[in-house]
Amino acid sequence: MELVQIAQHADDLDRAADFYSALLQTEPTARFDPPGLLFFDLDGVRLLLDRNAPSSLIYLRVPNVHEVIERLGGLAEVVSHPHVIFRHEDDTLGPAGHDEWQAFLRDPEGNTVGLIAFQRP
């Protein structure tokens, strides 16, 4: 079994496209309006921004959470600033010998997005 698609609520597809294009550093792969659907490709998993979807909390792996927040500037509200949540001693939940950094943003549609980076201490 593999993950195929994640849906996230978006009232304004143009605003959502601007934010997720900046966050993901890629353009949408498809848009169908009506009915109000916008797609991005996340390495083979579709991110669907949909007017009728409920909000969900998605976590995206990024190289460096600090750099992503700086790059986004004022496009998103920082809900939780970058912080280390865990040091991985083994490979159970992340690469051994790495700190797991997380930060949380609120996108312009009101959804929370988690950012995760694995970095050596």
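First, the conventions. Residues are numbered from 1 along each chain as its sequence is written, and side-chain values use heavy atoms, with hydrogens and water left out. Since the model is predicted, local features need pLDDT of at least 70 and side-chain atom pairs count only at pLDDT 80 or more, while totals for chains, interfaces and linings use all residues.

I start with the sheet. Helices (H or I, at least four residues) and strands (E, at least two) are DSSP runs, numbered from the N terminus. Two strands count as paired if DSSP finds at least two bridges between them. Here 4 strands form an open sheet with mixed pairing, and the order is β1-β4-β3-β2. At the edges are β1 (5-9) and β2 (30-32), each of which pairs on one side only. From one strand to the next, the twist averages 20 degrees. For angles, axes are lines fitted to C-alpha atoms, for helices over the stretch in contact, and the values run from 0 to 180 degrees between N-to-C directions.

As a reminder, strands of a sheet pair through backbone hydrogen bonds, either parallel or antiparallel. In this model β3 (residues 37-42) and β4 (residues 45-50) run antiparallel and are joined by 6 bridges. Phe39 has Leu48, in β4, as its bridge partner.

Next, what packs on the sheet? Helix α1 (residues 13-24) does, touching β1, β2, β3 and β4. Contact here means heavy atoms within 4.5 Å. The direction of α1 makes about 10 degrees with that of β3.

Now the loop between β2 and β3, where both Pro34 and Pro35 are found. The peptide bond from Asp33 to Pro34 is cis, with omega near 5 degrees. The bond joining Pro34 and Pro35 is cis as well, and its omega is about 15 degrees.

Last, positive phi. Gln25, in the loop between α1 and β2, is not a glycine, yet its phi is positive, near 55 degrees. Asp43, in the loop between β3 and β4, also has a positive phi, about 55 degrees, without being a glycine.

Are these two side chains buried or exposed? The cut-offs are under 20% relative accessible area for buried, over 50% for exposed, and partly exposed in between, with a 1.4 Å probe and protein chains only. Gln25 has 58% relative accessibility, so this residue counts as exposed. Asp43 is at 80% and therefore counts as exposed too.
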